[in-house]
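Let's take a walk through this model together, pair by pair and patch by patch. Have the viewer open and the sequence at hand.

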Amino acid sequence: GDLLKVKVNKLTSIKTQLPYSYYSLPFCPPKKIVDSTENLGEVLRGDRIENSPYVFKMRDPQMCTVLCRITLDAKTAKQFKEKIDDEYRVNMILDNLPLVVPIRRSDQDSSTVYQLGYHVGLKGQYSGSKEDRYFIHNHLAFTVKYHRDPQTDSARIVGFQVKPYSIKHEYEGKWNEKSRLTTCDPHNKRTVVNSNTPQEVEAKKEIIFTYDVEYQESDVKWASRWDAYLLMNDDQIHWFSIVNSLMIVLFLSGMVAMIMLRTLYRDISRYNELETQEEAQEETGWKLVHGDVFRPPSNSDLLCVYVGTGVQFLGMVLVTMIFAVFGFLSPSNRGGLMTAMLLLWVFMGIFAGYASARLYKMFKGAEWKKLAFWTACMFPGIVFAIFFVLNAIIWGQKSSGAVPFGTMFALVLMWFGISVPLVFVGGYVGFKKPAIEDPVRTNKIPRQIPEQAWYMNPTFSILIGGILPFGAVFIELFFILTSIWLNQFYYIFGFLFLVFIILLITCAEITIVLCYFQLCSEDYLWWWRSYLTSGSSALYLFLYATFYFFTKLEITKLVSGLLYFGYMLIASYAFFVLTGTIGFYACFWFTRLIYSSVK
């Protein structure tokens with residue numbers, strides 16, 4: 001008999017990607033609409049959680065409860081029609097569980113799939129007419145599943161399901177609060193079981209909203225009530241993708257091991273004087289440029305900034321993943337993932353400042369404050385600018401996905417109040433340390449670079465370098481995109497962590513291999529090239545996102561397309577910074593290693 005509070009969340013659509021708050025449509029409001037407090041992640045996702053007029057009493061079934069009666073005018077009818085056209089779904093929450101619609105699979109073992117939220121309505125034609133009509137789901141048959149504790153006889157909610165129906169309710173006489181419906185009357189055992197006489201959405205028509213609640217006892221324990229939402233039906237494809245990626249890793253590791261053996265232990269074969277002239281030439285290619293290999297690159301400041309940002313990103317992703325793998329960020333904690341990532345990004349600023357300052361000092365830079373400022377502002381600034389434009393577009397659509405001004409201010413405050421000072425602290429510490437010594441002396445006069453073969457052309461080798469890291473992650477990428485754009489839960493963090501480790505190794509190894517070939521052909525400009533080689537996988541990521549957009553998503557509106565590409569651009573840019581930094585550090589370690597063995 002306890003009261004159960006049903007809350008309503010945003011209306012979502014995978015066709016437009018623009019969430020709206022529930023009461024933006026003229027549904028039955030409660031006496032007073034109260035917003036639930038939301039965390040940062042929920043606000044950024046566009047969740048708007050409010051109270052609703054639905055009143056349930058625990059284990060006390062209800063039949064045909066009338067919620068309210070509304071009469072449509074031209075404007076409200078148009079609003080409903082637009083939302084039905086765009087296939088909007090209504091999301092509700094009971095005891096932190098999202099509402100699902102169970103759908104039986106007709107194929108194979110007739111398993112049940114759960115879809116988040118029910119459709120506002122549907123389009124259809126009357127038999128014998130060609131004209132599209134709009135029908136609204138105005139009768140909801142809720143099922144609340146509970147697990148009973150045999151000792152105390154108290155029960156906990158473990159499931160919240162609904163079957164929506166569209167029915168044109170009828171009643172006798174004039175409408176008042178006590179009117180009985182003839183179409184749905186518990187006393188006459190008349191219940192709604194189908195949508196044979198649906199309720200049409202037209203101006204001047206009245207709609208009566210009703211609902212049933214039934215309670216079912218369930219064997220599902222409270223602790224595992226989320227399992228139904230997270231049913232994994234395709235474990236194999238993840239394992240397949242990981243095995244696939246491991247093959248790439250093994251192949252690359254073999255090449256790296258070969259290179260290491262040849263360069264570091266070549267002295268042995270000096271004794272076997274059987275080498276041909278050509279072989280000797282091939283070996284000494286990289287030794288000839290020892291006087292130039294540690295010459296600071298052009299735009300070295302920018303490289304320092306990007307490397308620092310990449311370190312910040314790497315730290316954020318690693319810590320987030322570790323938390324997620326241990327189950328701290330499960331989908332039941334709405335917005336938790338987003339909040340955690342933002343906070344971690346801000347606090348990792350100290351490492352960004354440190355990494356960029358160390359590199360800067362090695363390049364004989366002197367103005368560390370200027371560098372720290374750029375490190376703190378460049379990447380977040382570009383991302384914030386894109387985000388701001390996208391937010392303005394969403395704002396123009398009056399969607400709840402638009403981040404309110406207060407939250408925007410909080411983000412800027414986190415950026416300039418926590419992140420920027422931390423970058424300066426890191427920069428100060430990094431700059432105070434003694435500079436990293438080069439293993440070989442750099443000549444005064446730069447050596448001339450000989451003409452390169454076509455396959456050693458910078459553009460070509462950079463583009464080739466991005467293919468393998470992208471190939472290692474792209475199957476997992478498909479699942480991530482699906483969870484973001486098709487409103488599904490993503491929780492396979494264990495797999496994601498494995499894939500991420502594989503990505504790190506692949507980026508490092510492909511960069512080392514290509515860097516070695518480059519040095520052997522006496523081209524010593526490796527600083528930027530090492531960053532761009534693995535970073536170019538971001539280009540493939542963006543191309544894949546474009547392919548996904550045209551093959552999997554049904555987005556037709558320009559605004560939604562802009563949103564998709566805007567957010568994917570931010571994601572690709574972040575991926576570029578992350579993979580580029582891994583490649584750079586791998587190469588940095590590798591060149592220092594092989595040149596320290598040159599006597």
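Glu367 is partly exposed, at a relative accessible area of 46%; here buried means under 20%, exposed over 50%, and partly exposed in between, with a 1.4 Å probe and protein chains only. Its salt-bridge partner is Lys370, with 3.4 Å from N to O, and Lys370 also counts as partly exposed, at 44% relative accessibility. A salt bridge here is a side-chain nitrogen of Lys or Arg within 4 Å of a carboxyl oxygen of Asp or Glu.

Before going on, a word on where this comes from. This is a predicted model, where local features need pLDDT of at least 70 and side-chain atom pairs count only at pLDDT 80 or more, while totals for chains, interfaces and linings use all residues. Residues are numbered from 1 along each chain as its sequence is written, and side-chain values use heavy atoms, with hydrogens and water left out.

Back to the charges. Side chains of opposite charge can pair when their charged atoms come close. How many salt bridges does a search of the whole structure find? The search turns up 17 salt bridges. One of them joins Lys10 and Asp47, at 2.9 Å from N to O. Lys10 sits in strand β1 and Asp47 in the loop between α1 and β2 (50–57), so this pair ties together parts that are 37 residues apart in sequence. Helices (H or I, at least four residues) and strands (E, at least two) are DSSP runs, numbered from the N terminus. Are the two ends buried or exposed? Lys10 is buried, with a relative accessible area of 10%, and Asp47 is buried as well, at 0%.

Next, look at Arg447 and Glu522, whose side chains meet in a salt bridge of 2.4 Å, N to O. Arg447 belongs to the loop between α9 (405–432) and α10, and Glu522 to the loop between α11 and α12, so the bridge ties together parts that are 75 residues apart in sequence. Arg447 is partly exposed, with a relative accessible area of 28%, whereas Glu522 counts as buried at 14%. Elsewhere, Glu131, Arg133, Glu200 and Lys205 are linked in a network of salt bridges.

Helix α12 covers residues 527–535 and is mostly covered, with 7 of its 9 residues buried. Those buried residues are Trp527, Arg529, Ser530, Tyr531, Thr533, Ser534 and Gly535. What covers them? The cover includes α5, α7 (349–362), α10 (458–485), α11 (493–520), α13 (537–552) and α14 (558–596), with contact meaning heavy atoms within 4.5 Å.

Helix α5 (residues 300–325) also holds Ile322. Ile322 is partly exposed, with a relative accessible area of 39%. Together with Phe323, Val325, Phe326 and Phe328, Ile322 makes a nonpolar surface patch of about 510 Å². Patches are made of residues with over 30% relative accessible area and no salt bridge, where like charges are joined within 9 Å and nonpolar side chains (Val, Leu, Ile, Met, Phe, Trp, Tyr) within 5 Å. The areas come from the Shrake-Rupley method with a 1.4 Å probe, and for residues only the protein chains shown count as cover.

Now for the cysteines. A disulfide is a covalent bond between the sulfur atoms of two cysteines, and the cut-off used here is a pair of sulfur atoms within 2.5 Å. The structure holds 2 disulfides, and they follow the pattern 1-3, 2-4, counting bonded cysteines along the chain.

Cys28 and Cys68 form a disulfide with their sulfur atoms 2.0 Å apart. The link is left-handed, with -75° about the S-S bond. Cys28 lies in the loop between β1 (3–12) and α1 (40–45) and Cys68 in strand β3 (residues 62–71), so the pair ties together parts that are 40 residues apart in sequence. Cys28 is buried at 3% relative accessible area, and Cys68 counts as buried at 18%.

Another disulfide joins Cys64 to Cys184, S to S 1.8 Å. The torsion about its S-S bond is about -85°, so this disulfide is left-handed. Distant parts of the chain are linked here: Cys64 is in strand β3 and Cys184 in the loop between β12 (155–165) and β13 (206–217), 120 residues apart. Cys64 counts as buried at 8%, and Cys184 is buried at 3%.

And why is Cys377 too far for a bond? Its sulfur is 16 Å from the closest cysteine sulfur, which is in Cys304. Cys377 counts as buried at 13% relative accessibility.
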